[in-house]
Amino acid sequence: MTGLFITFEGPDGAGKTTQVEAFARALRQQGYDVLVTREPGGTPLSDKIRALLLDPAHKEMADATEVLLYAAARAQHVQEKVIPALQSGRIVVCDRFVDASIAYQGYGLGLAVAEIVEINRFAAAGLQPDRTYLLDIPVSVGRLRLGQRERLDRIEQKGEQYHQRVRNGFRQIAEQYPQRVRLIDANRSIEQVHAEIMADFQAWQAANQVARKGELG
Ligand code: TMP
């Protein structure tokens, strides 16, 4: 595949969506062909699954159901949208991916991380991001930002301790995959966070091109 797959992750209220938009805008200005998408969602079928997952009325949802619905939404999204875009050489910028299932369902719900990884390897057909920006923010700050919204979804409504486990989970993922995941302090201004992401992306792109030339010999 010739494209690039870049994901954004982080606890609720970290400002991911704003940063995804700013990142995509900057890349388009540089002439790249960029597809912005998100999980859960990104296709009509996956958006229906998203609605099921986030509806606060579904309090009875079993943990296994939650894991599998996120994975099902992902499978459809990867097959229908992400892989075709990568095959045609586009940069795919995705708001959340498998790391979110590891952090929220694995660490958050206390399920076996190895099983979540396996289920998602199948769901995503082994696809992995080339680079991941993990926007880290203290749970209290993230929740304050969310408090400005009118209605919280089913996941956002879960308690403070759950969200603390999710944040710790994300930080562990960053430690485990230092080559791929870049931990960003998101408790700063939008401009500062954006500048750090752009600087990293440019440096990473340059290093990548050198590595590719080396491979070609
Ligand atoms: P969003 O707020 O980034 O749109 O994501 C919706 C919610 O779904 C958010 O609270 C994080 C959660 N989520 C998971 O729990 N597992 C996943 O695999 C994904 C993609 C999202």
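This briefing covers the ligand site, the pockets and the cavity of the structure above. The model is predicted. Its ligand sits in the largest pocket, which has a volume of about 730 Å³.

**Ligand shell**

- The ligand is surrounded by 14 residues, and the closest are Arg50, Tyr70, Arg96, Ser101 and Gln105.
- Sorted by class, the shell holds 6 charged, 6 nonpolar and 2 polar residues.
- Helix H4 is the top contributor to this shell, with 4 residues.

**Polar contacts and cover**

- Lysine 16 places a polar side-chain atom 2.9 Å from an oxygen atom of the ligand.
- Arginine 50 has a side-chain N or O atom 2.9 Å from a ligand oxygen.
- For arginine 74, a polar side-chain atom is also found 2.9 Å from an oxygen atom of the ligand.
- On its own the ligand has 480 Å² of accessible area, and the protein covers 94% of this.
- Helices H2 (44-54), H3 (63-87) and H4 (98-108) are the elements that give two or more residues to the shell.

**Largest pocket**

- The volume is about 730 Å³.
- The lining counts 33 residues, and Asp12, Lys16, Thr17, Arg96 and Arg149 are the closest to the pocket centre.
- At least two lining residues come from each of helix H1 (16-29), strand S2 (34-38), H2, H3, H4 and H6.
- H1 gives the most to this lining, with 5 residues.
- The lining divides into 14 charged, 11 nonpolar and 8 polar residues.

**Second largest pocket**

- H4 and helix H5 (113-123) each supply at least two of the lining residues.
- By class, 8 residues of the lining are nonpolar, 3 are polar and 3 are charged.

**Cavity**

- The largest cavity holds about 50 Å³ of space.
- Its lining is formed by Pro11, Asp12, Ile137, Pro138, Val139, Gly142, Arg143, Leu146 and His163.
- Helix H6 (residues 139-146) gives the most to that lining, with 4 residues.
- The lining has 5 nonpolar, 2 polar and 2 charged residues.
- Asp12 lines the cavity and is also among the residues closest to the centre of the largest pocket.

Methods. Residues numbered from 1 in each chain as written. Predicted model: local features only at pLDDT ≥ 70, side-chain atom pairs only at ≥ 80, totals over all residues. Heavy atoms only, no water. Near = heavy atom within 4 Å. Polar contact = N/O pair within 3.5 Å; in protein donor to acceptor, adjacent residues only side chain to side chain. Areas by Shrake-Rupley, 256 points an atom, 1.4 Å probe, with all protein chains shown as cover. 1 Å grid on protein atoms, 1.4 Å probe; cavity = no way out; pocket = protein on both sides within 12 Å on 5 of 7 lines; lining within 4 Å. Sits in = over half its atoms within 2 Å of the grid points. Nonpolar A, V, L, I, M, F, W, Y, C, P; charged D, E, K, R; others polar. Points joined across faces, edges and corners; volume = space filled by probe spheres on them.
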